[in-house]
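Colleague: I am new to this structure and would like to learn how to read a few of its features. Could you take me through them one at a time?

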Amino acid sequence: MLGSFWSLYLVSIIKTSAATQQALILSIIIGLISTTISSGPLSSTLVFWLPLTLGSFCAIDVSGHMQSPAFVISLSGYTALVFFTMVFLNRKMLERSVNEINLAKTGETIRILLRDFEENASDWLWETNTEGEIKHVSPRFAEVARQPPSAIQGDLLAFMAGGDHTLRRVRPAEGDVFEPLRRRMIARKPFRDMVMPVNMGGERRWWSMTGKPVQDSSGRFIGYRGVGSDVTAVHRSRERIAYLARHDSLTDLANRTEFNNVLTLLLSESAQPSAALLCLDLDQFKAVNDSYGHGLGDSVLRAVAHRIRGAIRDRDVAARLGGDEFSIVLPSDDEFEATAIADRIIDRVSRPYKFDGVTVEIGVTIGIALAPRDGKTPETLYRNADLALYRAKDAGRGTWRLFDPTMDRQLQDRRGLQRDIKSALRNDQLFVEFQPVIELATRSVVGLEALVRWKHPDRDIISPGDFIEIAERSGLIGAITAFVLSEAAALVAQLPSFVAVAVNLSPLHLREAWLVDQVSEIIRHAGVAPDRIEFEVTETAVLETEGRTIDNLHRLRALGCRIAIDDFGTGYSSLATLSRFPFDRLKIDRSFINDLENNAADAPIVKAIIDLSQTMGLRVTAEGVETERQADILTRYQCDDIQGFLYSPPVRKAEVLQLFKSGQTITGLSVGCAVPGPAVRQATQARRPQQPMPQHSSFE
Ligand code: C2E
Ligand code: CA
Ligand code: CA
């Protein structure tokens, strides 16, 4: 209406106006049209603009100015510009309004969501002012803090840390868990998921805090706003996982990773690091596991761990590194202290264990290395403690040894052997000696045991005890046994048919699938009756219940060969072993025979072993017979055969042949051949101290 009135008015007055007045009116018209640019809804501005524009054109027509084209063109352009500006501004304004409305809506949604969040979620919102003081306490916050909302006030940090901490505190303590948060807040930096222990209602809880600095519209810092959540459950399970990652789940001792960390820390801690490393090895544990099953094995390990823990002090760390391997680290290099602890552990661990009616006895052997004397890094210390352990085992289980540098030299020697053994077979450096086995009843040679030796180019003759294990590890044991067996079979083929030859089988080799084919091929090639070949296996080899061992033994026996159980009495479940396989012979270990005269306890054991074996149909050989008195006792016990330096050390093939060829020794005997006379005995005894026998002895 306003637009229409204006235009009517203009049209009516311009007719009667003078030229100057008309110019004034035209200016007013132009000004009026431009007012439509001012804000307002498009519809109403349009309604104002349209009559005003039409009226203006009429007024100009009436005044006669229409004849001037320049005027008409510029006016039309002007009104069009006003029109488009008007539309454009209107659209912009509309957009802004819509945005504002949406924004208001979003704000409302956020408010609703936040309220919902506060009511239902485990998290809560918190706000502080510029001084770090809590501003707004939601019900959820109060609930988690276990305090009425009114009690939650003041410095946020002080509230969480229990008072002795504020944002502006002047003396930060070392290792303070709140310090990182404090530093961030002082620096007005955002932070995320900072986990801290808090004491709420007398209980230690864990809170995770996330927050960011807030600015007002002018960019001025007005405080912090963020979310807190109680992560106690997660934290506890994380702690548990971390604990499990550092501990052995069976025994609760430290595990390898943790132990390595402790050792590394001890060795790197100060300028003068000092520590003692004890490496423990359980004796006979494998046998316990094999005989009674893993369940009992686990119980034994747990009990052992318990006793170890009882034998060390709080500052010492014990670990199970795997299997039956334990280690202990002491934070001092005091030799006396370390060996005293070793003694205590040996004493405690080797006491009998009782589980559901089963009594188990195991021993422990310990190697000790001291830092810095025996090594400054964990690696050298481990290696040297291990070497000492190795030595301790050699010296007799149930003992400890301190590392000394000669052990290192011996290790170097072993390394050298490991390298050289590969070419030993190829270069004919291995040879076999044979030790006669004498039947007690007739005192005649009825068998031989083949024993391998190594003539190393730069050394004395190396005894099998020093290289069999290396050969096993280098995968050469099969080839070596094949060589020994061929030599043995070739020799026995030249001897009277009542003579048998025994060959030692390594447990490792005994597991091989191809063992039986290999053996039968060699025996066939030598052309000897299989029952003249006997294989000696140790108890521990037979204890191996899994795999092919027992199967292979049965197949060897099916071939016609005989099987002897070697070193009897050194293993664990001796009698149980006997029932696992139908053995032909049992060889009583030298350690029992050694003590026969002196150790009263051994005599009845030896007698019992002989009696029992004979009831089971086994022949019995006593190993390592060195004196007449031992031979006498064994004769009284009705032992079948003996073997040992008393009659002969292991000798070369030529000497064996010589022995059987010699008319003198064969005559006078109905079975077998005569035992060598005193001359051989003398020679044997003279050489006994240096094992193995490097030279040949001769039967005279
Ligand atoms: P072993 O089977 O118990 O062999 C008997 C060992 O006792 C031999 O040592 C022998 O020289 C020694 N010996 C014999 N009589 C006496 C004695 O009266 N007193 C003392 N103190 N010792 C005596 P050797 O030849 O050093 O062999 C050591 C071990 O090496 C053997 O113990 C056997 O287990 C193993 N071995 C030897 N040859 C072979 C082989 O060809 N293959 C495998 N796998 N092992 C072998
Ligand atoms: Ca043997
Ligand atoms: Ca033996």
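This is a predicted model: local features need pLDDT of at least 70, side-chain atom pairs count only at pLDDT 80 or more; totals for chains, interfaces and linings use all residues.

Colleague: At roughly what angle do the axes of α16 and α18 cross, and within what distance do they come?

Modeller: The axes of helix α16, residues 477–493, and helix α18, residues 515–526, cross at roughly 25° and come within 9 Å. The crossing of this pair, α16 and α18, is right-handed.

Colleague: How are α14 and α15 oriented to each other?

Modeller: The axes of α14 (residues 405–424) and α15 (residues 464–473) come within 10 Å and cross at roughly 60°, and α14 and α15 are therefore oblique to each other. Here, too, handedness can be read, and α14 passes α15 in a right-handed crossing.

Colleague: Where is W6 found, and how accessible is W6?

Modeller: W6 is found in helix α1, and W6 counts as partly exposed because its relative accessibility is 31%, which falls between the limits of 20% and 50%.

Colleague: What should I look for in the backbone itself?

Modeller: One thing to look for is a positive phi in a residue other than glycine, and R188 is such a case, with phi near 55°. R188 lies in the loop between α7 (179–186) and β2 (191–200), and R188 is partly exposed at 42% relative accessibility. Another case is D356, which is not a glycine and has a positive phi of about 40°; D356 is found in the loop between β8 (353–355) and β9 (358–360) and is exposed, with a relative accessible area of 80%.

Colleague: Which residues does the cis peptide bond join, and what is omega there?

Modeller: The cis peptide bond joins A371 and P372, with omega at about 10°, and P372 lies in the loop between β10 (363–371) and α13 (378–395).

Colleague: How far apart are G617 and D584, in sequence and in space?

Modeller: G617 and D584 are 33 residues apart in sequence, while their C-alpha atoms are 7.5 Å apart in space. G617 is found in the loop between α23 (602–615) and β19 (619–622), where G617 counts as exposed at 57% relative accessibility.

Notes
Residues are numbered from 1 along each chain as its sequence is written. Chains are lettered from A and ligands numbered from 1 in the order in which they are written. Side-chain values use heavy atoms; hydrogens and water are left out. Helices (H or I, at least four residues) and strands (E, at least two) are DSSP runs, numbered from the N terminus. Buried means under 20% relative accessible area, exposed over 50%, partly exposed in between (1.4 Å probe, protein chains only). Axes are lines fitted to C-alpha atoms, for helices over the stretch in contact, and angles run from 0 to 180 degrees between N-to-C directions. Angles under 35 degrees count as roughly parallel, over 145 as roughly antiparallel, 65 to 115 as roughly perpendicular and the rest as oblique. A crossing is left-handed if the near helix is turned anticlockwise from the far one by less than a right angle, and right-handed if clockwise.
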